[in-house]
Amino acid sequence: MAVSAPTAAPRSARRRVRRPDQLTGGRHGLTAEEVRASQRERIVTAMTAAVGEHGYHGVRVADVVWRAGVSRKTFYELYAGKDDCFRAAYGTWIDRLSKTMFDAFDTQTEWVDQLRAALTALLGRLAREPAAARLCFSEVIAAGGDTQLRRDQAIAIVAARLFTAPGMPDGALGETMRAGRVSELGETLRREIAAGRTEQLPTLVPELMCAMVLPFLGMDAAQRELDRGTVLAR
Amino acid sequence: MTDGGASPPGQSFADEAFAATADAYARAPGGWELAIQSAIAGLFDFLARRPAQTNACIVGDCGAGPDALARRDRTIDRFVALLRPGFARAAMPPPPIVADAIGGGIYELVRSHVLERRLGELPEAAPDATIVALAPFVGTDGAIELVSSIPEI
């Protein structure tokens, strides 16, 4: 889902304009739960776009409220504040990105092919969703402690699902190695995104695959990944 | 080993932590692999013995501004410099991005111990962290063998 909240407008020049995804006022036949779900969806989209434009520290609740087309009262009924809303947006996007990876992973049978498919799908989606990429891999570092714990959960889930390589050590070492590889991937993405190279992320697939399979499958397998060249995600 | 109070407290502590790391790296007997093992063990021991300062420095990065994030990157970059000799020693040098990635991975390991209030257990994680750091250069089996051969671990 591409982020399609309103594009930037000078904060001082904003006025209320109903957006296509905004519910009409009055009787619309939706339950209170459906209205809340719609508002949450718009707020997450708005937070993502705002972070993509201003970064975590530059975003104000007013930016999100304006983009989402909700009142401040509604915002604070749904979220405790900016950080709470950011955490919700982060959780939403991490779930989407994880599904993207896991679905691609499951299209293959050999581990190295599964990992390559998952990585190709992830980097392709991030390149198409630069605001979400910035939120999940760059700006998340600046968020509060609760978001960091959510991030750790995400790392553990992705590590357990993707790093099932043959010869992977058991026990605590295996866990550390799996989490280490995912953390390393996240750090690489963070640096690339922070440097403004989000659109070029798919070109990193061969290098990242080489780095990730080298410890487990050896030099020949790692070299084969480099030799594959760039495969642009579609 | 602080810088005389001219820099923010977090930066001073990061400087001290890196100085302890570099000292352990330089004092290690043997080659680069043992120096990395010593550096990680030295860093983790330094941080575990200073829980209040480590908490303040790491947790301070969460929710903090661009200065704290820049400090985080500088700290990682200095550790990454210690990894670079590994490229010349590897039978098949991994892509250059591996060193940055490992540096970030080590930082994340420290951060997770802080956030989960397990900083006291950090020194116990040093052998596994060493294997993670060395594996791209010497292979997982080679890294495990090296770490297992060190009596004090």
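Modeller: First, a term: a pocket is an open set of grid points where a 1.4 Å probe fits, with protein on both sides within 12 Å along at least five of seven lines. Note also that this is a predicted model.

Biologist: What volume does the largest pocket have?

Modeller: Rolling a probe the size of a water molecule over the atoms shows where empty space is left. For the largest pocket here, the computed volume is about 630 Å³.

Biologist: Which residues lie nearest the centre of the largest pocket?

Modeller: The lining has 30 residues. They divide into eleven charged, seven polar and twelve nonpolar. Nearest the centre are Glu175(A), Thr176(A), Ala179(A), Leu109(B) and Ser112(B).

Biologist: How many residues of chain A and chain B are in contact?

Modeller: Contact here means heavy atoms within 4.5 Å. By that cut-off, 35 residues of chain A touch 36 residues of chain B.

Biologist: What area do chain A and chain B bury between them?

Modeller: Carbon and sulfur atoms carry 65% of it. The total is about 2800 Å².

Biologist: Which residues in chain A lose the most area to chain B?

Modeller: Three residues of chain A together make up 17% of what that side buries. They are Leu173(A), Glu184(A) and Arg191(A).

Biologist: How many salt bridges does the rule find across the interface of chain A and chain B?

Modeller: Side chains of opposite charge can pair when their charged atoms come close. Asp73(B) and Arg190(A) meet in a salt bridge, at 2.5 Å from N to O. Across the interface of chain A and chain B, the count is five.

Biologist: Why does the salt bridge of Arg111(B) and Asp152(A) join two chains?

Modeller: The closest N and O atoms of Arg111(B) and Asp152(A) are 2.5 Å apart. The pair joins two chains because Arg111(B) lies in helix α6 of chain B and Asp152(A) in helix α7 of chain A.

Biologist: How many residue pairs are in polar contact between chain A and chain B, and which element gives the largest share of the side of chain A?

Modeller: Seven residue pairs are in polar contact between the two chains. On the side of chain A, the elements giving two or more residues are α7 (145-162), α8 (171-194), α9 (205-217) and α10 (219-227). The largest share, twelve residues, comes from α8(A).

Note on methods: Residues are numbered from 1 along each chain as its sequence is written. Chains are lettered from A and ligands numbered from 1 in the order in which they are written. This is a predicted model: local features need pLDDT of at least 70, side-chain atom pairs count only at pLDDT 80 or more; totals for chains, interfaces and linings use all residues. Side-chain values use heavy atoms; hydrogens and water are left out. Buried area is the accessible area (1.4 Å probe) that two parts lose on being put together, summed over both. A salt bridge is a side-chain nitrogen of Lys or Arg within 4 Å of a carboxyl oxygen of Asp or Glu. A polar contact is a pair of N or O atoms within 3.5 Å; within protein, one must be able to donate a hydrogen and the other to accept it, and residues adjacent in sequence count only if both atoms are side-chain atoms. Helices (H or I, at least four residues) and strands (E, at least two) are DSSP runs, numbered from the N terminus. On a 1 Å grid over the protein atoms alone, a cavity is a set of points where a 1.4 Å probe fits but cannot get out, and a pocket is an open set with protein on both sides within 12 Å along at least five of seven lines; lining residues have an atom within 4 Å of a point. Grid points are joined across faces, edges and corners, and a volume is the space filled by probe spheres set on the points. Ala, Val, Leu, Ile, Met, Phe, Trp, Tyr, Cys and Pro count as nonpolar, Asp, Glu, Lys and Arg as charged, and the others, Gly among them, as polar.
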